[in-house]
Amino acid sequence: MNLAWRDVQHGLGRFVLTCVGLSLLLGVVMGMTGIYRGLVSEALGLVRLVNADVWVVEGGKRGPFAESSRIPRDTRDVIAAQSGVAATGAVVYQTVEIPHQGKNLRIFVVGAEVGRPGSEMVIVDGRAIVRSRTEIVADQKTGLLIGERIKIGRDDFTVVGLMQNTTSSGGDPAVMMTLRDAQIIQAQFEPSAVRRETARTGQASTRPDQVNAIVVRLKPLAAGDMVTDSIKRWKHLAAMSGQEQEDILTRSVIEKARRQIGLFTGILLVVSTVVIGLIVYTMTLDKKKSIATLKLIGAPDRTIVALIVQQALAMGLTGFAIGAILIRMTQDFFPRRLVLETTDTISLLGIIIIVCLLASVFGVRSALKIDPASALGG
Amino acid sequence: MEDPRKPVVEIINLSKSFGEGSTQVRALVDIDLTVYAGEVIGLIGPSGSGKSTLLNCIGCITDPNSGSMTLVGRKVFQDRWLVGDLRRMRLETIGFIFQFHNLLPFISAMENVALVRQLIGNTADDARARAMELLRYLQVDNRADALPAKLSGGEAQRVAIARALANEPRIILADEPTAALDSERATIVINLMKKVAVERRAAVLVVTHDEKIFSRLDRMVHLRDGRIVSNAKSALP
């Protein structure tokens, strides 16, 4: 017979309540990991979706996501003429707030040339943009519906399609539109000082037909390093590979969050260890008489150690399972995207097993110290 | 055939003290005691007289300081323990009965008894079969599946006796086994112990203050200040 299991059955209500409490703690640990993965996914999602071989931006800048960058749109044609370049596309990125259903909706406007690099999207409902103006494909998280008309800047746009998990590095849901529309919006959302200067001088714009970056797709077997080195020689442009762009985003956007979340996760795991340790210790004290009796009738230490360790593991694993179910059931209700990866879950499971073993050390030590004579009355 | 006068417990000059120097307490002083198979011995005396310490020494729970102790023909103590695994020694040789039954609360009456058989190395099925046999012997088999909390005091004590017998011990040590029982149930329990002692050729040592059972004891060993002051057949009717 398994004494640990029988003891659990005997105090099932208390065990379940303890596990539920523990599951909330472990659910938060899983949630923290999920938030971190979500941050990474959101920060790198668009970069990975575009999957550029080379990003070309304003000289001295680190790209359209980490820093603002403006270059003339015709740079695209100059770069397209480079050896090894298969295709190029100009893109505009801009975060704006628009009124929607009585609230402010913060969106990440992505302007790209349809059919060119930078215009990639995964449409889950509706269709792609086919008209040159005022059509958008919105991320589902915007809450926009197909057919809905919405004012961005001074123009009304029609939602023709919905996409999924396309956000800015800050988590704002993306809205894809034509490059032309995005350029107009960018001009409309320019700082008022710039707009005043434009009005004063009577010129339409001091920087006409500008974009934020050029997305470059290379020919098969083309050397990316050679292309970037060649572009970098032009002083007014900077070029970086797709991997370098990801590294920049990781360092500038994710690194602090990673440390912060890692710290909280570590603290929560320590708290979990202490909590499990205290529960196991208390459970051991509750069984002091039974353990003394077991020792007295000749039960070996391994029977007593197994009783405590198995209960600690049962509690940790049950708490983990309930926590995992809870977090999966509620993940869609979190304001930031939670990405729960199987490898993280398995790693956490391994950590929980170690935590349970560590936590049961106090209980085991106290159990092994119990004097069998204490089972005798008087 | 076994010699009926062969001692099961043989203690010579056993001493035990607690503390040191001016705070030293001599719990047992030069105890000589022999208990034979089939005997039910009462250890009596006032509180602090050393009867529980003597029971603990015989039960291999407390280390004596000096003297010698032979259990079931095997010398286990000669100024130091001569047995490496005292817990195994207890499991194979000694049965314990407590004042408050001390059954594990989270397993059934039958499982409490079967656990000892499993610890010895029996398979689960064999252990259960043997446990049921013992519960039948003690006429409490109808409560086999009940948890200890659901048993009456008398039933629980009979299950505790069944557990004490599960390892077929040659020595049964009982600490105030009838203290929590009324006189009718106390008589049943002591009669059971006597029956066990005779039928299973076991030596039973009972620490007790319960005068109700004095008449059922074969011998009463009276302790005072750690010494045996009398060791005689029960004088009560």
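User: Happy to start with the open sheet of 6 strands in chain B: what is its strand order?
Analyst: This is a predicted model, where local features need pLDDT of at least 70, side-chain atom pairs count only at pLDDT 80 or more, and totals for chains, interfaces and linings use all residues. Residues are numbered from 1 along each chain as its sequence is written, and chains are lettered from A and ligands numbered from 1 in the order in which they are written. Strands pair if DSSP finds at least two bridges between them, strands being E runs of at least two residues and helices H or I runs of at least four, numbered from the N terminus. Pairing in this open sheet is mixed, and the order in chain B is β6-β7-β8-β3-β9-β10.

User: Nice! Which are its edge strands?
Analyst: An edge strand here pairs on one side only. In chain B, that describes β6 (94-97) and β10 (227-233).

User: And in β8(B), which residue is the bridge partner of A174(B)?
Analyst: Strands β7 (residues 171-175) and β8 (residues 203-207) of chain B run parallel and are joined by 5 bridges. In β8(B), A174(B) has as its bridge partner V206(B).

User: Over in chain A, which residues of helix α6 (residues 224-232) are buried?
Analyst: Buried means that 20 or more other C-beta atoms, placed from the backbone, lie within 10 Å of a residue's own; exposed means 12 or fewer, and partly exposed lies in between. On the other side of α6(A), D225(A) and D229(A) are exposed. The buried residues of α6 in chain A are V227(A), T228(A) and I231(A).
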